[in-house]
Amino acid sequence: MIISFWRRLLDLISPRLCVVCGHRLTVTEEVICTKCNFHLPRTDFHHNAYENEMAKLFWYLIPIERATAYFYYEPHSSTANIIYQMKYKDHPEIGEVMGRMMGKELMPSGFFDGIDGIIPVPLTKKRQRQRGYNQSEEIARGISEVTGLPLFGKVVKRVSFKGSQTNLGRWERNENVEKVFELIDGATIQGKHLLVIDDVVTTGATCIACSKELVKANNIKISILSLGFAKS
Ligand SMILES: [Zn+2]
C-alpha cells in the first residue's frame, strides 16, 4: 500500500484511533489496530458454513445455504464499540472497512462461491434519512469491493418500523419484524443465490423476514453474512 504524504500529514495533525482500544492507528491501519484485530473473537463459522450455530437459526424457515458472522458480539464489550460507532456515531466508513476485511478473510474458504449478488438489509426511509446511511449497505460495499459481487440495493424495501425490539422476547420479535419488508424488484433476482447482509444477527428474525420477501421472486437461494453474531 502506498501511503500518501497527505495521509501521513493528516495522521500527524489529527491522529486516527483504534475503535476498540482507543490507541493511535499507524498509517497502514484502518479503523482497528493490528493487535485488536488479532484478538477479535472470530466465530470462524465459515469453516462450516452450512452447519453452524448461526445457520441453524434459518433452517426450515428459508432456503438457507451458508451463514457466517465475523465475530461474536457481546453488548458493552470492547468489540461492541465497532458496531456502536458504526451505527450511532456517524462512522459509515467502519462498515466498509470491516466489510473489506471480512471479505478478504472469507474468500479463500469459498464462502462466496456461486453467489450472484448482495442484498443489504434495508432501513426504513425515515431511519436512513436520520442516520444518513445504512450500515449494512456500507458493509456490503466493502464485501462487493473485495469479491466483485454486484450490490442489489433496490430490490427490497423496509416499509415500517414498530418501535424498539430490545425489550421483546424471541417470538415477539419474530412477530414484530414480520411484514416490514416488501419486494419491489423480483425480476432482478429471480433464480439467484443471494447474500443477505446485516450488521448483527441475534435471533435471525430480521434476516428471515427480509429473506421471506426475497424468495417470492422464485427459485432463490439465500446465504447470510453479518459482522456480529450475538448468542440469544
Ligand atoms: Zn486496538
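Predicted model: local features only at pLDDT ≥ 70, side-chain atom pairs only at ≥ 80, totals over all residues.
Colleague: How far is the sulfur of Cys207 from the closest cysteine sulfur?

Modeller: The closest one belongs to Cys210 and lies 7.1 Å away, so the two are too far apart for a bond.

Colleague: And is Cys207 buried or exposed?

Modeller: Cys207 is buried, at 1% relative accessible area. Buried means under 20%, exposed over 50%, and partly exposed in between, with a 1.4 Å probe and protein chains only. Cys33 also counts as buried, at 9% relative accessibility.

Colleague: New topic. How many residues are in the largest nonpolar core?

Modeller: It has 35 residues, and Ile32, Ile82, Met98, Ile143, Leu195, Leu225 and Leu227 have the most contacts inside it. Such a core is a set of buried Ala, Val, Leu, Ile, Met, Phe, Trp, Tyr and Cys residues joined through side-chain atoms within 4.5 Å.

Colleague: Which element gives the most to this core?

Modeller: Helix 4, with six residues. Elements are DSSP runs numbered from the N terminus: helices are H or I with at least four residues, strands E with at least two.

Colleague: What is Leu225 in contact with?

Modeller: Leaving aside neighbours within four places in sequence, its partners include Thr68, Met102, Phe111, Ile143 and Leu195. Contact means heavy atoms within 4.5 Å.

Colleague: What volume does the second largest pocket have?

Modeller: About 380 Å³. On a 1 Å grid over the protein atoms alone, a pocket is an open set of points where a 1.4 Å probe fits, with protein on both sides within 12 Å along at least five of seven lines; lining residues have an atom within 4 Å of a point. Points are joined across faces, edges and corners, and the volume is the space filled by probe spheres set on them.

Colleague: Which strand supplies the largest share of the lining of the second largest pocket?

Modeller: Strand 3, with three residues. The lining divides into eight nonpolar, four polar and five charged residues. Ala, Val, Leu, Ile, Met, Phe, Trp, Tyr, Cys and Pro count as nonpolar, Asp, Glu, Lys and Arg as charged, and the others, Gly among them, as polar.

Methods:
Residues numbered from 1 in each chain as written. Heavy atoms only, no water. Disulfide = S-S within 2.5 Å.
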